[in-house]
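Trainee: I would like to go through this model and ask what stands behind each term we use for it.
Mentor: Go ahead, one term at a time.

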Amino acid sequence: MSKLRVESFSISLDGFGAGPEQSLDNPLGKGGEGLHEWIIPTATFQRMSRNEAGTTGIDNDFAARGFENIGAWIMGRNMFGPIRGPWPDDSWKGWWGDNPPYHTSVFVLSHHERKPVEMEGGTIFHFVTDGIGSALARASEAANGKDVRLGGGVAAVRQFLQAALIDELHIAIAPILLGSGEHLFHGLDLPALGYRCKEHVASENATHIVMGKS
């Protein structure tokens with residue numbers, strides 16, 4: 001059966017998945033770039049950036065397994081881009097250039113309709129306006145038996161957690177403090193929602209936590 005997985009989702013020591021004052025020039029907010037310093041040197045990330053070199057070890061192992069058996073993606077509109085409100089036109093097609101790293105169908109949560117956007121490499125962005133249940137159903141169908149990866153951002157992950165729809169959640173805790181921004185777990189009673197820690201491994205750059213249903 002298809003699972004909904006969150007992989008390589010970085011948060012700070014104080015629980016923030018993005019810093020304050022997010023913008024087009026600073027999409028992760030002030031200090032937010034530090035959340036992802038663990039993954040950037042890895043061979044998995046470097047291959048996505050079309051580079052040959054990269055580190056191996058714990059961090060790369062977690063980064064790599066996040067792409068295993070993935071047949072479709074879901075993401076929040078904030079992860080797709082900085083535009084708010086109705087789409088002014090079709091010019092914005094994501095942060096990733098003409099060939100995004102997904103290479104499959106990606107279902108973007110939105111309150112505003114937009115036609116699908118086909119990109120190089122097989123990525124197709126579909127815009128879902130009727131909620132997370134519809135997005136998951138469509139993504140699961142598109143995955144054709146494989147798993148669905150929920151990419152974020154924080155608000156999207158929180159919605160799926162609150163509904164107890166996430167089957168497996170990999171969090172990478174970066175050794176930084178942000179102080180404010182978007183907090184991932186505030187107000188969520190994870191044990192009551194059925195989640196427990198299934199795995200925890202530390203590297204020099206991050207502490208990796210995997211949670212799943214009890």
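**Terms and the values behind them**

Mentor: The mean positions of the 18 positive and 25 negative charges of the protein chain are 4 Å apart. Keep in mind that this is a predicted model.

Trainee: How many helices and strands does the protein chain have?

Mentor: The protein chain has 5 helices and 11 strands.

Trainee: Why is the protein chain called as compact as a globular protein of its length?

Mentor: The globule rule gives 17 Å for 214 residues, and the radius of gyration is 16 Å, close to that value, so the chain is as compact as a globular protein of that length. The C-alpha trace spans about 45 × 40 × 35 Å along its principal axes.

Trainee: What is the strand order of the open sheet?

Mentor: The open sheet has 9 strands with mixed pairing, in the order S5-S6-S4-S3-S7-S1-S8-S11-S10.

Trainee: What makes S5 and S10 edge strands?

Mentor: Strand S5 (117-118) and strand S10 (195-202) each have a single partner strand, so one side of each has no neighbour in the sheet.

Trainee: How do you know that S5 and S6 count as paired?

Mentor: Pairing needs at least two bridges. S5 and S6 have 2 bridges and run antiparallel, so under that definition they pair. Glu118 has Ile124 in S6 as its bridge partner. The hairpin of these two strands has 5 residues between them, and within that hairpin Gly121 takes a positive phi near 80°.

Trainee: Which strand does S10 pair with, and in what sense?

Mentor: S10 is joined to strand S11 (residues 207-213) by 7 bridges, and the two run antiparallel. Cys197 has Met211 as its bridge partner in S11. The hairpin between S10 and S11 passes through 4 residues.

Trainee: What is the sense of pairing between S3 and S4, and between S4 and S6?

Mentor: Strand S3 (residues 70-76) pairs with strand S4 (residues 105-109) in the parallel sense, over 5 bridges. Ala72 stands opposite Ser105 in S4. S4 and S6 also run parallel, joined by 5 bridges; there, Val108 has Phe127 in S6 as its bridge partner.

Trainee: What makes strand S6 mostly covered?

Mentor: Of the 5 residues in strand S6 (residues 124-128), 4 are buried.

Trainee: Why is Thr104 called buried?

Mentor: Buried means under 20% relative accessible area. Thr104 has 15%, so it is buried. Thr104 is in the loop between helix H3 (77-80) and S4. Leaving out residues up to four places away in sequence, Thr104 touches Gly71, Ala72, Trp73, Gly122, Thr123 and Ile124.

Trainee: And why does Gln46 count as buried?

Mentor: Gln46 has 16% relative accessibility, under the 20% limit, so it counts as buried. Gln46 is in helix H1 (residues 43-48). Its contacts, with residues up to four places away in sequence not counted, are Ile40, Pro41, Asn51, Ala53 and Gly54.

Trainee: How do you know that the peptide bond from Gly152 to Gly153 is cis?

Mentor: Its omega is near 0°. Most peptide bonds are trans. Gly153 is in the loop between strand S7 (147-150) and helix H5 (154-162).

Definitions and conventions:
Residues are numbered from 1 along each chain as its sequence is written. This is a predicted model: local features need pLDDT of at least 70, side-chain atom pairs count only at pLDDT 80 or more; totals for chains, interfaces and linings use all residues. Side-chain values use heavy atoms; hydrogens and water are left out. The radius of gyration is taken over C-alpha atoms; the globule rule is 2.2 Å times the number of residues to the power 0.38. Lys and Arg count as positive and Asp and Glu as negative; His and the chain ends are not counted. The place of a charge is taken as NZ of Lys, CZ of Arg, CG of Asp or CD of Glu. Buried means under 20% relative accessible area, exposed over 50%, partly exposed in between (1.4 Å probe, protein chains only). Contact means heavy atoms within 4.5 Å.
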